[in-house]
Amino acid sequence: MTSPFRLSPLNPPPPPPPSQNLPLHPDRPKPESKEIGGDCENRDRIHITSPFWDLQLNGRWGWSFSDPEIPLDVVGRLIRRLAARGVGKFCPTFITASSEILAQALERLGEALSLESWLSDRVAGFHLEGPMISPRDGYRGAHPLEAVRALRLDEFDWLQERAGGRIVLVTLAPEWPEALETIAGLKERGVVVALGHTAADGERIAQAVEAGATLSTHLGNGLAAELPRHPNPIWIQGAEDRLMASLIADGLHLDDATLTCLWRIKGPERTILVSDDSPLAGCPPGQYGPWWVDEQGTVRVVGTSYLAGANLDLIDAVNRLINVAGASLDQALACVTTNPARLLGRTVDPGDYVELEWDRTSGLWSVRGGEIGGRRFRNPATPNRRDRMNSWREEPEAIWD
Ligand SMILES: [Zn+2]
């Protein structure tokens, strides 16, 4: 059966980077900030941080993690390219599909990850976004209506088994009659529950939080274009301090004023930045079935201006939170490191690091290199970040030592 996620014939991925099987150097000293930079002028432009965690990533460069036929070697190439952008842990995200397709995709990715421990170590767990979301237009986003349904615990257990126990995060809409039982059952199983693509009212959101939900998925998106001015799901979840919120800070999914407001109401402890990258993120401009990629690299529905997923580098989300919403560098980095780790009940790996470089001209940070899972990489050219953000272009392949 042909998968709706099959994009590969239109856009084959780039060839693999030259060297993938790298020797480990456990005794190599880790750099300190003071050792980096060399001369005084450079010193304040380099920052060492933990590798990023991306809790929501559907795919990239023409490939979808929801594709039950994704070639096993492609998964490795995707993960290495993501790591070279500073992503040390991420949640491959599986959107609404039939039970059988979902199970096949979960199993397929598990199979790819089991080939190499370095690859499986990059995955914080699987994110199941759906199928229990709002069936209503707008709220449902790009999820296929025919596969939207209640997620009962017996179906979840079956999917979890096929996923090899890797599902750690489920996004659902609590207005479904079965939802509270599902939320409580997921919590019991150690799975984090997020609310998203929901039209629930305040009472229902409160019940969902009581039952164990702890995150709002991409708050401000997955909603009807026109909402009641108040109350609406943004204000209700914004005011709920027991919910952290993930945000897509690409300047398109959230305008600057909304990003600033959501940052202020959730604050540095409860904000998480995600890419929510589309499988077409990073693809050259052109039409891909029902979607098109414009000159800026934005993924849209053909014939409309509607967004169909994001094309966002997490470091650019960090830049935006700093330059638009007024976060400090440390606060913005917490949104892609310690905050997502804490949501999942985990901690960042103290042995890994990413080097950030600040570009004086653009005022933007970029990933210069680092060490992830014992493997060092460097990005060959530090791009001018403003160019990167404003147009589509080929990315130079990172070099792995
Ligand atoms: Zn979504």
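I began with helix H3 (residues 99-113) and helix H5 (residues 153-162), whose axes come within 8 Å and cross at roughly 30°. The model is a predicted one: local features need pLDDT of at least 70, side-chain atom pairs count only at pLDDT 80 or more, and totals for chains, interfaces and linings use all residues. Residues are numbered from 1 along each chain as its sequence is written.

**Terms for the helices.** Helices (H or I, at least four residues) and strands (E, at least two) are DSSP runs, numbered from the N terminus. Axes are lines fitted to C-alpha atoms, for helices over the stretch in contact, and angles run from 0 to 180 degrees between N-to-C directions.

**H3 and H5.** I noted that H3 and H5 are therefore roughly parallel to each other (angles under 35 degrees count as roughly parallel, over 145 as roughly antiparallel, 65 to 115 as roughly perpendicular and the rest as oblique). On the H3 side the contact is made by Ser99, Leu102, Ala103, Leu106 and Glu107, and on the H5 side by Glu155, Leu159 and Arg162. Two residues are in contact if their C-beta atoms, placed from the backbone, lie within 7 Å. I sorted the residues of the contact of H3 with H5 into four nonpolar, one polar and three charged. For this sorting, Ala, Val, Leu, Ile, Met, Phe, Trp, Tyr, Cys and Pro count as nonpolar, Asp, Glu, Lys and Arg as charged, and the others, Gly among them, as polar.

**H6 and H7.** Next I looked up helix H6 (residues 179-188) and helix H7 (residues 202-211), whose axes come within 8 Å and cross at roughly 25°. That makes H6 roughly parallel to H7. I recorded the crossing of H6 and H7 as right-handed (a crossing is left-handed if the near helix is turned anticlockwise from the far one by less than a right angle, and right-handed if clockwise). Ala179, Leu180, Ile183 and Ala184 of H6 meet Gln207, Ala208 and Ala211 of H7. The residues of the contact of H6 with H7 divide into six nonpolar, one polar and no charged.

**Strand E5.** I then turned to strand E5 (residues 87-95), which is mostly covered, with nine of its nine residues buried. A residue is buried if 20 or more other C-beta atoms lie within 10 Å of its own, exposed if 12 or fewer, and partly exposed in between; C-beta atoms are placed from the backbone. Strand E2 (residues 52-57) runs parallel to E5 and is joined to E5 by four bridges. Two strands pair if DSSP finds at least two bridges between them. I found lysine 89 in E5 as the bridge partner of tryptophan 53. E5 also pairs with strand E6 (residues 126-129), in the parallel sense and over three bridges. Isoleucine 95 stands opposite glutamate 129 in E6.

**Loop residues.** I looked at alanine 97, in the loop between E5 and H3. Alanine 97 counts as buried, with 22 C-beta neighbours inside 10 Å. I read a C-alpha to C-alpha separation of 5.2 Å between alanine 97 and alanine 147, which are 50 residues apart in sequence. Leaving aside its neighbours within four places in sequence, alanine 97 is in contact with Ser66, Leu102 and Ala147.

I also looked up glycine 138, in the loop between E6 and H5. Glycine 138 is partly exposed, with 14 other C-beta atoms within 10 Å. Its C-alpha atom is separated by 5.3 Å from that of leucine 223, 85 residues apart along the chain. Leaving aside its neighbours within four places in sequence, glycine 138 is in contact with Leu223, Ala224 and Ala225.

**Open sheets.** I noted an open sheet of three strands in the order E12-E13-E14, with antiparallel pairing. Its edge strands, each pairing on one side only, are strand E12 (286-288) and strand E14 (299-301). The twist averages 30° from one strand to the next. Strand E13 (residues 291-293) is joined to E14 by three bridges, and tryptophan 291 has valine 301 in E14 as its bridge partner.

I listed another open sheet, of five strands in the order E1-E15-E16-E17-E18, with antiparallel pairing. Strand E1 (46-49) and strand E18 (399-400) are the edge strands. E1 is joined to strand E15 (residues 353-359) by four bridges, and isoleucine 48 has glutamate 355 in E15 as its bridge partner.

**Whole chain.** Buried residues make up 49% of the 401 residues in the chain.
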